[in-house]
Amino acid sequence: MNSEQLIALTKELIYEATHFNVPYVKQIYADKLLIVKVDENGGVDTMNKEQLVGFVQRNHDANATPFSTKTEFHYAVCDGNMGMVIITRDLELKENPGRKFFTLIWEYLDERWQVVKESSVVRN
């Protein structure tokens, strides 16, 4: 995989996750997933795959309006079986709205690319 392909895969992930495609989310995120979110005050919250899938499932079941897919790509690199993508996303989440920097760490596991780590930091 090269950086352009990794960006394309990340765009697909963003679309499917923001449209609450539960089966897609279950297969694209690794079982060992760790998400770390840092708020504007430096507070940290974490989430694992089970919690993420639950969030997506609840939105799917509620027929929630899909979230924005607006994304600015800053950097992508792929080296062997690992990749990293740095983006800014505009989020509409009630608990944490606004622009956030995201780092996604991809790994080739079980014969497919999966997100193993994700972090977000509020961008003012």
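Here is a short chat about this predicted model of a protein chain.

Q: Okay, how many helices and strands does the protein chain have?
A: The protein chain has three helices and six strands.

Q: And in what order do the elements run from the N terminus?
A: They go α-α-β-β-α-β-β-β-β.

Q: Why would you call the radius of gyration in line with a compact globule?
A: Because a compact globule of 124 residues would come out near 14 Å, and the protein chain has 14 Å, which agrees. Along its principal axes, the C-alpha trace spans about 40 × 30 × 25 Å.

Q: What share of the residues is buried?
A: Buried residues make up 36% of the 124.

Q: Switching topic: how many aromatic pairs are there?
A: The structure holds three aromatic pairs. One of them is Phe 20 with Phe 67, an edge-to-face pair with 5.1 Å centre to centre and 85 degrees between the planes.

Q: Where do those two sit in the chain?
A: Phe 20 is in the loop between α1 (3-18) and α2 (22-28), while Phe 67 is in the loop between α3 (49-61) and β3 (71-79). They are 47 residues apart, so the pair links distant parts of the chain.

Q: Is Phe 20 buried or exposed?
A: Phe 20 is buried, with a relative accessible area of 3%. Phe 67 is partly exposed, at 22%.

Q: Which residues form the aromatic cluster?
A: Phe 20, Phe 55 and Phe 67 form one cluster.

Q: Last one: how many positive and negative side chains?
A: There are 14 positive and 18 negative ones, and the centres of the two sets lie 3 Å apart.

Methods: Residues are numbered from 1 along each chain as its sequence is written. This is a predicted model: local features need pLDDT of at least 70, side-chain atom pairs count only at pLDDT 80 or more; totals for chains, interfaces and linings use all residues. Side-chain values use heavy atoms; hydrogens and water are left out. Helices (H or I, at least four residues) and strands (E, at least two) are DSSP runs, numbered from the N terminus. The radius of gyration is taken over C-alpha atoms; the globule rule is 2.2 Å times the number of residues to the power 0.38. Buried means under 20% relative accessible area, exposed over 50%, partly exposed in between (1.4 Å probe, protein chains only). Lys and Arg count as positive and Asp and Glu as negative; His and the chain ends are not counted. The place of a charge is taken as NZ of Lys, CZ of Arg, CG of Asp or CD of Glu. Rings of Phe, Tyr and Trp (its six-membered ring) pair if their centres lie within 6.5 Å; planes under 30 degrees apart count as stacked, over 60 as edge-to-face and the rest as tilted.
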